[in-house]
Amino acid sequence: MIFRQLFDKTSSTYTYLLASRHGGEALLIDPVFEQTQRYLKLLEELDLKLVKVVDTHIHADHVSAMGKLRDETRCVTVMGEQSPADVVSMRVRDNDPLTIEGLTLTALHTPGHTPESYSFMMEDRVFTGDTLLIRGTGRTDFQNGSPHEQYHSLFDRLLKLPDNTLVYPGHDYKGDTVSTIEEEKAFNPRLQVRSPDEYADIMNNLNLANPAMMDVAVPENLKQGLRSSAQHRVAVMEVDEILAGWPYQDCHFVDIREDSERSRYGAIPNSIHAPYGRFDQYCNSSGPLSGLAKSNRVLLYCAVGERSTLAVEIATELGLQNVAHIPGGFTAWKQANGPIEEIS
Ligand SMILES: [Fe+2]
(Lines give C-alpha, C1' and ligand atoms only; values in the text may rest on other atoms or scores of the structure.)
Protein backbone atom coordinates (compact mmCIF):
# COMPACT_ATOMS: atom_id res chain seq x y z
CA MET A 1 0.00 0.00 0.00
CA ILE A 2 1.09 3.56 -0.64
CA PHE A 3 0.25 5.83 2.28
CA ARG A 4 1.32 9.45 2.69
CA GLN A 5 0.47 11.93 5.40
CA LEU A 6 0.89 15.42 3.95
CA PHE A 7 0.92 18.50 6.15
CA ASP A 8 -0.34 22.02 5.43
CA LYS A 9 1.50 24.37 7.75
CA THR A 10 -0.88 27.31 7.52
CA SER A 11 -3.96 25.41 8.67
CA SER A 12 -2.17 22.51 10.44
CA THR A 13 -4.21 20.15 8.27
CA TYR A 14 -3.26 16.58 7.43
CA THR A 15 -4.12 15.31 3.98
CA TYR A 16 -3.88 11.59 3.29
CA LEU A 17 -2.93 9.97 0.00
CA LEU A 18 -3.87 6.31 -0.38
CA ALA A 19 -3.24 3.82 -3.19
CA SER A 20 -2.75 0.08 -3.40
CA ARG A 21 0.16 0.14 -5.87
CA HIS A 22 2.37 2.28 -8.07
CA GLY A 23 0.67 2.80 -11.41
CA GLY A 24 -2.77 2.36 -9.84
CA GLU A 25 -5.67 4.42 -8.56
CA ALA A 26 -5.34 6.89 -5.70
CA LEU A 27 -7.60 8.66 -3.22
CA LEU A 28 -7.01 11.85 -1.25
CA ILE A 29 -8.67 12.73 2.05
CA ASP A 30 -9.06 16.40 3.03
CA PRO A 31 -6.79 18.11 0.47
CA VAL A 32 -5.94 21.81 0.97
CA PHE A 33 -6.38 24.23 -1.95
CA GLU A 34 -2.94 25.87 -1.66
CA GLN A 35 -1.24 22.44 -1.81
CA THR A 36 -2.90 21.36 -5.05
CA GLN A 37 0.27 21.50 -7.18
CA ARG A 38 2.18 19.53 -4.56
CA TYR A 39 -0.44 16.74 -4.69
CA LEU A 40 -0.43 16.69 -8.49
CA LYS A 41 3.36 16.49 -8.57
CA LEU A 42 3.45 13.65 -6.03
CA LEU A 43 0.73 11.76 -7.91
CA GLU A 44 2.80 12.08 -11.06
CA GLU A 45 6.02 11.01 -9.32
CA LEU A 46 4.34 7.93 -7.86
CA ASP A 47 2.59 7.21 -11.17
CA LEU A 48 -0.85 7.37 -9.58
CA LYS A 49 -4.21 8.22 -11.07
CA LEU A 50 -6.32 10.27 -8.69
CA VAL A 51 -9.85 8.86 -8.91
CA LYS A 52 -11.54 10.04 -5.71
CA VAL A 53 -11.21 12.99 -3.34
CA VAL A 54 -13.00 12.97 0.01
CA ASP A 55 -13.70 15.81 2.41
CA THR A 56 -14.55 14.53 5.90
CA HIS A 57 -16.71 17.63 6.45
CA ILE A 58 -17.11 21.28 5.40
CA HIS A 59 -13.89 22.83 6.63
CA ALA A 60 -13.86 26.24 8.28
CA ASP A 61 -10.10 26.74 8.50
CA HIS A 62 -8.98 26.11 4.92
CA VAL A 63 -10.35 26.03 1.42
CA SER A 64 -10.65 22.48 0.13
CA ALA A 65 -8.81 21.42 -3.03
CA MET A 66 -11.65 19.11 -3.97
CA GLY A 67 -13.05 21.23 -6.79
CA LYS A 68 -9.64 22.20 -8.13
CA LEU A 69 -8.48 18.57 -8.16
CA ARG A 70 -11.68 17.53 -9.96
CA ASP A 71 -10.99 20.19 -12.60
CA GLU A 72 -7.38 19.05 -12.97
CA THR A 73 -7.87 15.27 -12.91
CA ARG A 74 -11.61 14.59 -13.42
CA CYS A 75 -11.68 12.67 -10.16
CA VAL A 76 -14.90 11.95 -8.28
CA THR A 77 -15.67 14.22 -5.31
CA VAL A 78 -17.08 12.46 -2.24
CA MET A 79 -18.74 13.63 0.98
CA GLY A 80 -21.34 12.32 3.41
CA GLU A 81 -24.97 12.49 2.38
CA GLN A 82 -25.61 15.14 5.07
CA SER A 83 -23.14 17.56 3.48
CA PRO A 84 -24.65 21.02 2.91
CA ALA A 85 -22.45 21.43 -0.19
CA ASP A 86 -24.84 21.79 -3.10
CA VAL A 87 -23.04 19.59 -5.61
CA VAL A 88 -20.89 16.61 -4.63
CA SER A 89 -20.33 13.86 -7.22
CA MET A 90 -20.98 11.01 -4.85
CA ARG A 91 -22.44 10.93 -1.36
CA VAL A 92 -21.87 8.18 1.16
CA ARG A 93 -23.95 7.04 4.13
CA ASP A 94 -22.96 5.49 7.42
CA ASN A 95 -21.23 2.12 6.88
CA ASP A 96 -21.00 2.54 3.10
CA PRO A 97 -17.90 1.15 1.44
CA LEU A 98 -15.80 3.67 -0.44
CA THR A 99 -13.61 1.90 -2.98
CA ILE A 100 -10.73 2.50 -5.31
CA GLU A 101 -8.68 -0.18 -7.03
CA GLY A 102 -7.34 -2.54 -4.34
CA LEU A 103 -8.60 -0.55 -1.31
CA THR A 104 -11.88 -0.25 0.56
CA LEU A 105 -12.64 2.34 3.21
CA THR A 106 -15.76 2.25 5.37
CA ALA A 107 -17.61 5.50 5.95
CA LEU A 108 -18.57 6.14 9.58
CA HIS A 109 -20.98 8.99 10.23
CA THR A 110 -19.48 10.72 13.26
CA PRO A 111 -21.43 14.00 13.69
CA GLY A 112 -20.70 16.53 16.40
CA HIS A 113 -17.93 18.79 15.09
CA THR A 114 -20.43 19.38 12.26
CA PRO A 115 -23.58 17.39 11.35
CA GLU A 116 -21.95 16.02 8.19
CA SER A 117 -18.66 14.90 9.78
CA TYR A 118 -17.50 11.47 8.68
CA SER A 119 -14.59 9.26 9.67
CA PHE A 120 -13.19 6.63 7.33
CA MET A 121 -11.96 3.27 8.51
CA MET A 122 -9.43 1.31 6.48
CA GLU A 123 -7.94 -1.96 7.71
CA ASP A 124 -5.73 -1.09 10.70
CA ARG A 125 -6.42 2.64 10.72
CA VAL A 126 -9.15 5.26 10.95
CA PHE A 127 -9.14 8.76 9.50
CA THR A 128 -11.04 10.76 12.07
CA GLY A 129 -11.31 14.20 10.44
CA ASP A 130 -12.01 16.73 13.19
CA THR A 131 -14.00 14.31 15.36
CA LEU A 132 -11.12 12.74 17.26
CA LEU A 133 -7.78 14.53 17.39
CA ILE A 134 -4.61 13.44 19.16
CA ARG A 135 -5.25 14.29 22.84
CA GLY A 136 -8.12 16.50 21.73
CA THR A 137 -11.43 16.58 19.87
CA GLY A 138 -12.81 18.94 17.23
CA ARG A 139 -14.65 21.99 18.52
CA THR A 140 -18.44 21.90 18.48
CA ASP A 141 -19.27 25.58 18.91
CA PHE A 142 -20.01 26.60 15.30
CA GLN A 143 -21.27 25.15 11.98
CA ASN A 144 -24.19 23.52 13.84
CA GLY A 145 -21.84 21.49 16.00
CA SER A 146 -23.19 19.46 18.90
CA PRO A 147 -21.15 18.22 21.87
CA HIS A 148 -23.80 15.60 22.69
CA GLU A 149 -23.68 14.16 19.17
CA GLN A 150 -19.91 14.22 19.27
CA TYR A 151 -19.92 12.36 22.58
CA HIS A 152 -21.88 9.53 20.92
CA SER A 153 -19.67 9.59 17.83
CA LEU A 154 -16.66 9.23 20.10
CA PHE A 155 -17.85 6.85 22.78
CA ASP A 156 -20.30 4.74 20.76
CA ARG A 157 -18.40 4.59 17.48
CA LEU A 158 -14.71 5.51 17.38
CA LEU A 159 -13.69 4.34 20.84
CA LYS A 160 -15.39 1.00 20.15
CA LEU A 161 -12.93 0.28 17.35
CA PRO A 162 -10.16 -2.19 18.27
CA ASP A 163 -7.69 -0.69 20.72
CA ASN A 164 -4.75 -1.02 18.34
CA THR A 165 -6.51 0.91 15.54
CA LEU A 166 -4.25 3.71 14.34
CA VAL A 167 -5.81 7.16 14.61
CA TYR A 168 -4.97 9.60 11.82
CA PRO A 169 -6.61 12.97 12.58
CA GLY A 170 -7.53 15.84 10.28
CA HIS A 171 -5.30 18.28 12.17
CA ASP A 172 -2.55 18.45 14.68
CA TYR A 173 -1.24 21.66 16.16
CA LYS A 174 1.70 20.19 18.08
CA GLY A 175 3.30 18.05 15.38
CA ASP A 176 1.99 14.66 16.51
CA THR A 177 1.21 12.46 13.54
CA VAL A 178 -0.57 9.33 14.70
CA SER A 179 -2.08 7.77 17.81
CA THR A 180 -4.17 4.70 18.65
CA ILE A 181 -7.65 4.22 20.07
CA GLU A 182 -6.11 2.72 23.21
CA GLU A 183 -3.85 5.75 23.76
CA GLU A 184 -6.67 8.21 23.23
CA LYS A 185 -8.96 6.35 25.63
CA ALA A 186 -6.25 6.51 28.28
CA PHE A 187 -4.67 9.92 27.75
CA ASN A 188 -7.03 12.20 25.80
CA PRO A 189 -8.13 14.71 28.48
CA ARG A 190 -11.49 15.33 26.78
CA LEU A 191 -12.37 11.64 26.97
CA GLN A 192 -11.98 11.32 30.73
CA VAL A 193 -15.67 12.07 31.31
CA ARG A 194 -18.53 9.96 32.65
CA SER A 195 -21.52 11.38 30.78
CA PRO A 196 -22.58 13.31 27.65
CA ASP A 197 -23.42 16.30 29.86
CA GLU A 198 -19.97 16.33 31.40
CA TYR A 199 -18.45 16.24 27.93
CA ALA A 200 -20.75 19.03 26.76
CA ASP A 201 -19.70 21.13 29.75
CA ILE A 202 -16.07 20.95 28.66
CA MET A 203 -16.86 21.63 25.02
CA ASN A 204 -19.19 24.56 25.76
CA ASN A 205 -16.53 26.31 27.82
CA LEU A 206 -13.53 26.23 25.51
CA ASN A 207 -13.99 29.91 24.56
CA LEU A 208 -12.10 29.63 21.29
CA ALA A 209 -11.82 32.40 18.73
CA ASN A 210 -13.30 31.65 15.29
CA PRO A 211 -10.77 30.37 12.72
CA ALA A 212 -9.21 33.26 10.79
CA MET A 213 -10.24 31.75 7.45
CA MET A 214 -13.81 30.89 8.45
CA ASP A 215 -15.67 33.63 6.53
CA VAL A 216 -13.81 32.73 3.35
CA ALA A 217 -13.44 28.97 3.73
CA VAL A 218 -17.00 27.93 4.60
CA PRO A 219 -18.79 29.67 1.71
CA GLU A 220 -16.04 28.59 -0.68
CA ASN A 221 -16.26 24.95 0.45
CA LEU A 222 -20.03 24.92 0.03
CA LYS A 223 -19.79 25.65 -3.67
CA GLN A 224 -16.98 23.53 -5.03
CA GLY A 225 -19.26 21.43 -7.22
CA LEU A 226 -20.01 21.76 -10.93
CA ARG A 227 -23.28 23.62 -10.64
CA SER A 228 -25.95 24.01 -13.29
CA SER A 229 -24.10 26.56 -15.44
CA ALA A 230 -20.95 24.40 -15.52
CA GLN A 231 -23.04 21.35 -16.34
CA HIS A 232 -24.33 23.23 -19.42
CA ARG A 233 -20.85 23.69 -20.88
CA VAL A 234 -21.38 20.36 -22.68
CA ALA A 235 -24.36 19.06 -24.66
CA VAL A 236 -27.38 18.47 -22.42
CA MET A 237 -30.87 17.09 -22.54
CA GLU A 238 -33.10 18.29 -19.73
CA VAL A 239 -35.26 15.97 -17.64
CA ASP A 240 -38.47 17.83 -18.65
CA GLU A 241 -37.73 17.37 -22.33
CA ILE A 242 -37.09 13.65 -21.88
CA LEU A 243 -40.22 13.10 -19.81
CA ALA A 244 -42.38 15.06 -22.25
CA GLY A 245 -41.48 12.52 -24.91
CA TRP A 246 -41.46 9.45 -22.62
CA PRO A 247 -41.02 6.59 -23.36
CA TYR A 248 -38.07 8.18 -25.08
CA GLN A 249 -36.90 5.91 -27.88
CA ASP A 250 -34.45 8.16 -29.66
CA CYS A 251 -31.46 7.74 -27.37
CA HIS A 252 -29.48 5.25 -25.33
CA PHE A 253 -29.52 6.03 -21.61
CA VAL A 254 -26.16 5.32 -20.01
CA ASP A 255 -25.81 5.21 -16.23
CA ILE A 256 -22.24 6.01 -15.14
CA ARG A 257 -22.78 5.66 -11.38
CA GLU A 258 -21.31 2.87 -9.27
CA ASP A 259 -23.12 -0.40 -8.48
CA SER A 260 -23.80 0.71 -4.90
CA GLU A 261 -25.60 3.85 -6.08
CA ARG A 262 -27.65 1.96 -8.66
CA SER A 263 -28.82 -0.69 -6.24
CA ARG A 264 -29.68 1.89 -3.59
CA TYR A 265 -31.59 4.37 -5.74
CA GLY A 266 -32.56 2.44 -8.90
CA ALA A 267 -31.95 3.65 -12.45
CA ILE A 268 -33.71 5.07 -15.49
CA PRO A 269 -35.41 2.04 -17.15
CA ASN A 270 -33.36 0.18 -19.76
CA SER A 271 -30.15 2.05 -19.03
CA ILE A 272 -26.80 0.65 -20.05
CA HIS A 273 -24.25 0.65 -17.21
CA ALA A 274 -20.83 2.16 -17.99
CA PRO A 275 -19.21 3.10 -14.64
CA TYR A 276 -17.31 6.37 -14.60
CA GLY A 277 -14.15 4.73 -13.19
CA ARG A 278 -13.67 2.77 -16.41
CA PHE A 279 -15.54 5.12 -18.69
CA ASP A 280 -12.74 5.63 -21.21
CA GLN A 281 -12.70 1.89 -21.93
CA TYR A 282 -16.38 2.07 -22.89
CA CYS A 283 -15.63 4.90 -25.31
CA ASN A 284 -12.60 3.62 -27.21
CA SER A 285 -13.01 2.30 -30.72
CA SER A 286 -13.86 -1.24 -29.61
CA GLY A 287 -15.96 -0.13 -26.61
CA PRO A 288 -19.75 -0.48 -26.58
CA LEU A 289 -20.54 3.23 -26.49
CA SER A 290 -18.72 4.11 -29.68
CA GLY A 291 -20.96 1.68 -31.59
CA LEU A 292 -24.12 2.96 -29.92
CA ALA A 293 -23.28 6.60 -30.62
CA LYS A 294 -23.29 5.83 -34.33
CA SER A 295 -26.95 4.78 -34.28
CA ASN A 296 -28.53 7.13 -31.75
CA ARG A 297 -27.76 9.83 -29.25
CA VAL A 298 -25.99 8.58 -26.13
CA LEU A 299 -27.38 10.23 -23.00
CA LEU A 300 -25.19 9.94 -19.89
CA TYR A 301 -26.32 10.46 -16.34
CA CYS A 302 -24.85 10.17 -12.83
CA ALA A 303 -26.11 11.24 -9.38
CA VAL A 304 -26.12 15.02 -9.76
CA GLY A 305 -24.63 15.79 -13.18
CA GLU A 306 -21.01 16.39 -12.16
CA ARG A 307 -19.47 13.10 -13.29
CA SER A 308 -21.64 13.09 -16.42
CA THR A 309 -20.40 16.57 -17.41
CA LEU A 310 -16.82 15.28 -17.22
CA ALA A 311 -17.82 12.04 -18.97
CA VAL A 312 -19.24 13.94 -21.96
CA GLU A 313 -15.89 15.73 -22.20
CA ILE A 314 -14.02 12.40 -22.06
CA ALA A 315 -16.27 10.83 -24.71
CA THR A 316 -15.90 13.84 -26.98
CA GLU A 317 -12.10 13.82 -26.62
CA LEU A 318 -12.11 10.14 -27.54
CA GLY A 319 -13.92 10.98 -30.77
CA LEU A 320 -17.51 10.11 -29.93
CA GLN A 321 -20.13 12.40 -31.35
CA ASN A 322 -23.74 12.57 -30.39
CA VAL A 323 -23.11 12.31 -26.63
CA ALA A 324 -24.96 14.47 -24.09
CA HIS A 325 -25.89 14.29 -20.43
CA ILE A 326 -28.76 14.98 -18.06
CA PRO A 327 -28.04 18.06 -15.92
CA GLY A 328 -28.88 17.37 -12.30
CA GLY A 329 -28.57 13.65 -12.99
CA PHE A 330 -30.64 10.98 -11.31
CA THR A 331 -31.50 13.37 -8.46
CA ALA A 332 -33.30 15.68 -10.91
CA TRP A 333 -34.91 12.65 -12.55
CA LYS A 334 -36.32 11.47 -9.24
CA GLN A 335 -37.50 14.96 -8.29
CA ALA A 336 -39.44 15.13 -11.56
CA ASN A 337 -41.01 11.72 -10.81
CA GLY A 338 -39.34 10.06 -13.78
CA PRO A 339 -39.90 6.28 -14.00
CA ILE A 340 -37.38 4.21 -12.06
CA GLU A 341 -36.27 0.63 -12.54
CA GLU A 342 -35.03 -1.25 -9.48
CA ILE A 343 -31.55 -2.68 -9.82
CA SER A 344 -30.71 -5.77 -7.81
FE1 LIG B 1 -13.24 21.22 10.83
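These are my notebook entries on a predicted protein model.

**Ground rules.** I count residues from 1 along each chain, as its sequence is written. Because this is a predicted model, local features need pLDDT of at least 70 and side-chain atom pairs count only at pLDDT 80 or more, while totals for chains, interfaces and linings use all residues.

**Domains.** I looked up the division first, and found domain 1 (2-222) and domain 2 (228-335); the bounds come from an automatic or database domain assignment. Their centres, taken over C-alpha atoms, are 32 Å apart. I then checked contacts (C-beta atoms, placed from the backbone, within 7 Å). Here 9 residues of domain 1 meet 8 residues of domain 2.

**Core.** Next I went to the largest nonpolar core, which has 87 residues. A nonpolar core is a set of buried Ala, Val, Leu, Ile, Met, Phe, Trp, Tyr and Cys residues joined through C-beta atoms within 7 Å. Buried means that 20 or more other C-beta atoms lie within 10 Å of a residue's own, exposed means 12 or fewer, and partly exposed is in between, with C-beta atoms placed from the backbone. A26, L28, V78, F120, L289 and L300 touch the most other members. Strand β2 (residues 13-19) gives the most to this core, 5 residues; strands (E, at least two residues) and helices (H or I, at least four) are DSSP runs numbered from the N terminus. Both domain 1 (2-222) and domain 2 (228-335) supply residues, so the core lies between them. I also listed the contacts of L28, leaving out residues up to four places away in sequence: T15, Y16, L17, Y39, L50, V53 and L69.

**Sheet.** I traced an open sheet of 6 strands, in the order β7-β8-β9-β10-β13-β14, with mixed pairing. Strands pair if DSSP finds at least two bridges between them. β7 (97-100) and β14 (179-180) are at the edges with a single partner strand each, so one side of each has no neighbour in the sheet. Strands β9 (residues 118-122) and β10 (residues 125-127) run antiparallel, joined by 3 bridges. M121 sits opposite V126 in β10.

**Helices.** In α12, I found several buried residues, including L310, A311 and V312. G319 follows α12, and its phi is positive, near 95 degrees.

Is A332 buried, exposed or partly exposed? A332, in helix α13 (residues 329-335), is partly exposed, with 19 other C-beta atoms within 10 Å. Not counting residues up to four places away in sequence, A332 touches V239, I326 and P327.

Technical notes. Two residues are in contact if their C-beta atoms, placed from the backbone, lie within 7 Å.
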